[in-house]
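Hi everyone, thanks for coming. Let's walk through one model together, and please have the picture open while I talk.

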Amino acid sequence: MSTSTLPVVVVTGAASGIGRGIALRLAQDYQVVLVDLNPTTLPNVEKEINDAGGLAFKSLGDVGKRDTHHRARALAEEKGLLAAWVNCAGWTRGAPLHDFPNDPAVLEELISANQIGTFWGCAEAVNAFVSKKTKGAIVNISSVHGRRAWPDHAVYEMTKAAVDALTRNVAVAYGPFGIRCNAVAPGAIMTPALAQSFIDAPDARERRQSLELLTPLKRIGEPSEIAEVVAFLLSEKASYVSGQSVGAEGGWTSALGVPAIDARLAEQYGLDPATGLPQD
Ligand SMILES: NC(=O)c1ccc[n+]([C@@H]2O[C@H](COP(=O)([O-])OP(=O)(O)OC[C@H]3O[C@@H](n4cnc5c(N)ncnc54)[C@H](O)[C@@H]3O)[C@@H](O)[C@H]2O)c1
């Protein structure tokens, strides 16, 4: 057992993007076990947290494998009281259903990381909580794609809808024992994965602007904005919140489309009256 009295949280997908942002934020309140399959970037996040005075411990592994979660839990329990678990590891790759490739990377491996990974994470977390008779909290990272559709994203959307369903199941089954489980459904968040999707697009600027336009707040979010919602949901401040998939998406899924912006207001705010985006 480490000398710290801080509780412990496990964060998967912690080596990059939203997972890294969550790990950095939660290091203010917890010792953090960082899970990821990237052996190059994972130690960087561990060092970043430890250099800033936090307590982080890396655990390398693929979340699609149950053993990865066993090992993360064992490390967490060695350090202190395992009180929280965040399943964030995931990715997407689009492909059209009518011309779907015979490539396990776009079906089985995607389901393994996003869906099976979250499943084993929840199973390990609730097993850890009930075996110690502790209340605990879980947050799963879902997506706007769990509730809305976009062409070529069928597999990703199945996995994220499954994450929302699993979240409700855990909340209902373990609520009587004080265990809470929620999801956060981000919209477009600026991470290495999103940046890469811009690079891969025919026109990076156009691709970025199309996402900004779709979002009522007219901008792409930051990992820290997701991390704050996760920190809240794990905390006692959210003691009566369970089974929810909380959107953190700039209002995206509330819109019926992309409405015209009030030109006079846009002018007053110094925005492009045609798009509502900041003027170049
Ligand atoms: N960035 C967005 O706009 C956005 C929007 C909605 C939801 N999300 C979700 O947020 C999560 C993080 O996405 P991101 O944009 O930060 O991506 P990212 O690529 O920057 O980070 C994902 C991390 O997960 C790790 N990972 C992937 N598969 C893994 C596996 N099988 N086992 C262990 N680690 C694995 C990667 O190595 C990487 O470090 C994902 O679940 C994604 O679906 C992202």
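Four bridges hold strand E4, residues 82–87, to strand E5, residues 137–141, and the two run parallel. Across from Asn 87 you will find Asn 140 in E5. Strands pair when DSSP finds at least two bridges between them; helices (H or I, at least four residues) and strands (E, at least two) are DSSP runs numbered from the N terminus.

Before going on: this is a predicted model, where local features need pLDDT of at least 70 and side-chain atom pairs count only at pLDDT 80 or more, while totals for chains, interfaces and linings use all residues. Residues are numbered from 1 along each chain as its sequence is written.

Now zoom out. E4 and E5 belong to an open sheet of seven strands, ordered E3-E2-E1-E4-E5-E6-E7, with parallel pairing. Strand E3 (56–60) and strand E7 (245–248) are at the edges with a single partner strand each, so one side of each has no neighbour in the sheet.

What packs on the sheet? Helix H1, residues 17–26, does, touching E1, E2, E3, E4, E5 and E6. Contact here means C-beta atoms, placed from the backbone, within 7 Å.

Finally, the inside. The largest nonpolar core has 66 residues, and Val 9, Val 11, Ala 23, Val 32 and Val 230 touch the most other members. Such a core is a set of buried Ala, Val, Leu, Ile, Met, Phe, Trp, Tyr and Cys residues joined through C-beta atoms within 7 Å, buried meaning 20 or more other C-beta atoms within 10 Å of a residue's own. Its largest share, eight residues, comes from H4.

Definitions and conventions: Contact = placed C-beta atoms within 7 Å. Axes fitted to C-alpha atoms, helices over the stretch in contact; angles between N-to-C directions. Buried ≥ 20, exposed ≤ 12 C-beta atoms within 10 Å, placed from the backbone.
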